[in-house]
Amino acid sequence: MKVHVNLLHPDEQRYQGLVSLRFIFLASTITLAVVIILVGGFALYSFFSKRQDLLWARDQWKKTEPLYKQLLTLQQEQKRLKAVVNELDGWNHARLPTYTLLAELQRLVAPHPIQFSHVTVMGERGMVQPPAVTNAPKAEVKDESAGDGGVPAKSTPPPKPPPAIPAWRFRITIAGHVFGEEGHTAVVMFNEQLQRDSQLAATFDSVRLQGLSRASREVQRNEQVFTIEALTPFRKFE
Amino acid sequence: MNINWSSLTKEQKQVAVLIGIGVVVLLALLYQFALQPMADSAEQHKRELVDLRVNIEKAAKVLEQEGRTRADTAALKDRLETATKSFIPAFGNLLSWATEQIYQTAHEAGVDIDSVSGGGQVMAAGTEGQTFLPFSTQVTMQCSYADLLRFLHALETKNPLATVTALSVEGREQNWEHHQVGLSVEWPSWAKPPAAPKSVGDEKKKP
């Protein structure tokens, strides 16, 4: 058994590891410093770069904003003008082209044996409800998977119906006399012509012979009076 | 660089502790007064930058359409000006305008007018909130069917907004050629005084 006395002072003792403590301390400090510098430098770079971007964006916005606002105002004005012009277009679409109607009546009617005694056109203003949107979701759907005691699924409010559109509807009444043995045939043919005529087909919704009767009891005077009534579809202000 | 804490004097230890405390305080102050405001400001800048980019993008899209918007607005304005000048009576001067229109049309068509009367503005169904209200005029005349056709053709061609809302042509026993004609014509009239239209270039001139 070897026994020896340790005569070393504590400050004379040396670290026994592979790397000295001083190296570990220096390496850690330098690594930490480098990491802090790198992260800090990146953060600073990022900060100033963002600020630069912001300054550029502010400058850009300062240049763009007045023109942008001006264009927004112009778009508002355009919207307003469009609404007014559309309203006027509606007036044009809703009206009945009376010249075309009367000219076509003149062309269709045989001067003999039919004579008109009274032609009237009466317009009625009303409101037409446009058809509802068909692909709208159903207001309430039952949960099928829940069986008989199925709880209604979350109900969605029913879609708002589109606003009603003002429209004109015209009633055209033609009253007249027809002469001769075949007078009634002439009236029926005239009525059919009104229904078939390509010019008037789009104008009329319905054409009906309302009445055909003898004008007087005198046998010699073979004269009948008739009334035909036609109705146009709703001519919408749109 | 071997520092042995136990070998340091009391004063040296105090100085070392003070230096340590000083470094910590310095770091805390640096964080509080430099890093934290910088981070806050960076966050604020980031938000502002995002907003500005969104706005710039939106503006770019609108500005892309500038030419079209200006052209469309100018075209609409022209249409409205034409309509206002030629087809719509001036505000508050309805019957004289309509009378002038009817007599001028009748003159062109070679028709004699018996009477023109005004029914005034009509608050009809669907006119609430509209820019134009119907203004109704009643006209009576005696003319042949051919004259009536010429008159209606002239009226409807000259003014695409004039609407014949009622028409009555009645044959007369005494005179087969000339019929008693009554018609109602409606015109769009301003519901309230029209707003003075802005010129398209007005905004550009502003500083």
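1. **Ground rules.** Because this is a predicted model, local features need pLDDT of at least 70 and side-chain atom pairs count only at pLDDT 80 or more, while totals for chains, interfaces and linings use all residues. Residues are numbered from 1 along each chain as its sequence is written, and chains are lettered from A and ligands numbered from 1 in the order in which they are written.

2. **Chain A in outline.** Start with the parts list: chain A has four helices and five strands, where helices (H or I, at least four residues) and strands (E, at least two) are DSSP runs, numbered from the N terminus. Read from the N terminus, the order is α-α-β-β-α-α-β-β-β. Of the 238 residues in chain A, 16% are buried. The cut-offs here are 20 or more other C-beta atoms within 10 Å for buried, 12 or fewer for exposed, and partly exposed in between, with C-beta atoms placed from the backbone.

3. **Two domains.** Chain A splits into domain 1 (13–94) and domain 2 (98–131 + 161–236); such bounds come from an automatic or database domain assignment. The centres of domain 1 of chain A and domain 2 of chain A, taken over C-alpha atoms, are 74 Å apart.

4. **Helix α1 of chain A.** A:Val39 is in helix α1 of chain A and counts as exposed because it has 10 C-beta neighbours inside 10 Å. A:Lys69 also has its place in helix α1 of chain A, but A:Lys69 is partly exposed, with 13 other C-beta atoms within 10 Å. From A:Lys69 to A:Ser46 there are 23 residues in sequence and 32 Å in space, C-alpha to C-alpha.

5. **Strand β4 of chain A.**

6. **Partners of β4(A).** Strand β2 (residues 165–179) of chain A pairs with β4(A) in the antiparallel sense over nine bridges; pairing requires that DSSP finds at least two bridges between the strands. In that pairing A:Gly176 has A:Phe226 as its bridge partner. Strand β3 (residues 206–214) of chain A also pairs with β4(A) in the antiparallel sense, over eight bridges, and A:Ser206 stands opposite A:Leu231.

7. A:Asn222 lies in the loop between β3 and β4 of chain A and is partly exposed, with 16 other C-beta atoms within 10 Å. A:Asn222 and A:Val178 are 44 residues apart in sequence and 8.5 Å apart in space, C-alpha to C-alpha. Leaving aside neighbours within four places in sequence, A:Asn222 is in contact (C-beta atoms, placed from the backbone, within 7 Å) with A:Phe179, A:Gly180, A:Glu181 and A:Gly183.

8. **Chain B's helix.** Helix α1 (residues 10–64) of chain B has 55 residues and reaches 77 Å from its first C-alpha to its last, close to the 81 Å expected, which is 1.5 Å times one less than its number of residues. Look for a kink of about 40° centred on B:Tyr31; the bend is the angle between axes fitted to the seven residues ending there and the seven starting there. α1(B) is hardly covered, with one buried residue among its 55.

9. **Strands in chain B.** Strand β2 (residues 132–143) of chain B and strand β4 (residues 179–190) of chain B pair in the antiparallel sense over twelve bridges, with B:Leu133 bridged to B:Ser189. β3(B) and β4(B) are antiparallel too, over seven bridges, and there B:Ser168 stands opposite B:Gly182.

10. **Where the chains meet.** The contact takes 51 residues from chain A and 52 residues from chain B. On the chain A side, the largest share, 29 residues, comes from α1(A). The residues on that side divide into 26 nonpolar, 14 polar and eleven charged; Ala, Val, Leu, Ile, Met, Phe, Trp, Tyr, Cys and Pro count as nonpolar, Asp, Glu, Lys and Arg as charged, and the others, Gly among them, as polar. Strands pair across the contact as well: β1(A) and strand β3 (residues 163–170) of chain B run antiparallel over five bridges, and A:Thr120 has B:Ser168 as its bridge partner.

Key
Contact = placed C-beta atoms within 7 Å.
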